[in-house]
Amino acid sequence: QVQLVESGGGLVQPGGSLRLSCVASGSTGSIYSMGWYRQTPGKQRELVAAMPSGNSPHYGDFVKGRFTGSRDNAKKAVYLQMNSLKPEDTAVYYCYIVVLDTSLSEHTYWGQGTQVTVSS
C-alpha cells in the first residue's frame with residue numbers, strides 16, 4: 001500500500017502565494033507520475049499539475065503560468081508552488097501518485113486533500 005500525506009494548505013489573500021507538499025510512503029515501487037488535482041463542491045476534480053517521470057510537467061489551462069509543480073524523487077515528494085492566487089483557486093487540493101507494479105499495471109493513490117482558501 002501507498003500513503004500520501006499533504007501539507008501546506010490554508011487561507012491566503014488574493015494575489016498571495018502558498019506552497020503545497022505531499023510525501024509518499026509505503027511500497028511505491030516504480031513511480032510513473034505524481035501531481036495535483038483540485039475539487040470544489042459540485043464540480044468534477046480537475047487537473048492542476050501532472051509531473052510524469054521523464055517528461056515535462058503539464059498544467060491545467062487555468063494555471064496560466066501562476067503555479068509550478070516539482071518533484072523530489074529521492075524523497076518521493078511532490079510540490080506545488082502557487083503564486084498570484086485568485087478567489088476561484090479556492091478548492092480542496094489532492095496530490096496523487098501513479099505507480100507501476102511488476103506486471104506494469106498502473107495503480108493510483110490519492111492524498112487526503114488539503115483546503116486552499118483565497119479570500120480577503
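Arg38 is found in strand β4, which spans residues 30-39; strands here are DSSP runs of E with at least two residues, numbered from the N terminus. The model is a predicted one, in which local features need pLDDT of at least 70 and side-chain atom pairs count only at pLDDT 80 or more, whereas totals for chains, interfaces and linings use all residues. Residues are numbered from 1 along each chain as its sequence is written, and side-chain values use heavy atoms, with hydrogens and water left out.

Arg38 counts as buried because its relative accessibility is 6%, the term meaning under 20% relative accessible area with a 1.4 Å probe and protein chains only. The side chain of Arg38 makes polar contacts with the side chains of Asp89, at 2.9 Å, and of Tyr93, at 3.0 Å; a polar contact is a pair of N or O atoms within 3.5 Å, of which, within protein, one must be able to donate a hydrogen and the other to accept it, and residues adjacent in sequence count only if both atoms are side-chain atoms. When residues up to four places away in sequence are not counted, Arg38 touches (heavy atoms within 4.5 Å) residues including Gln44, Glu46, Phe62, Phe67 and Val92.

An open sheet is formed by 4 strands in the order β1-β3-β8-β7, with antiparallel pairing, two strands being paired if DSSP finds at least two bridges between them. Its edge strands, β1 (2-7) and β7 (67-72), each pair on one side only. Strand β3 (residues 18-26) pairs with strand β8 (residues 77-82) in the antiparallel sense over 6 bridges, and Ser21 stands opposite Tyr79 in β8.

Notes: Buried < 20%, exposed > 50% of the residue type's maximum accessible area, 1.4 Å probe, protein only.
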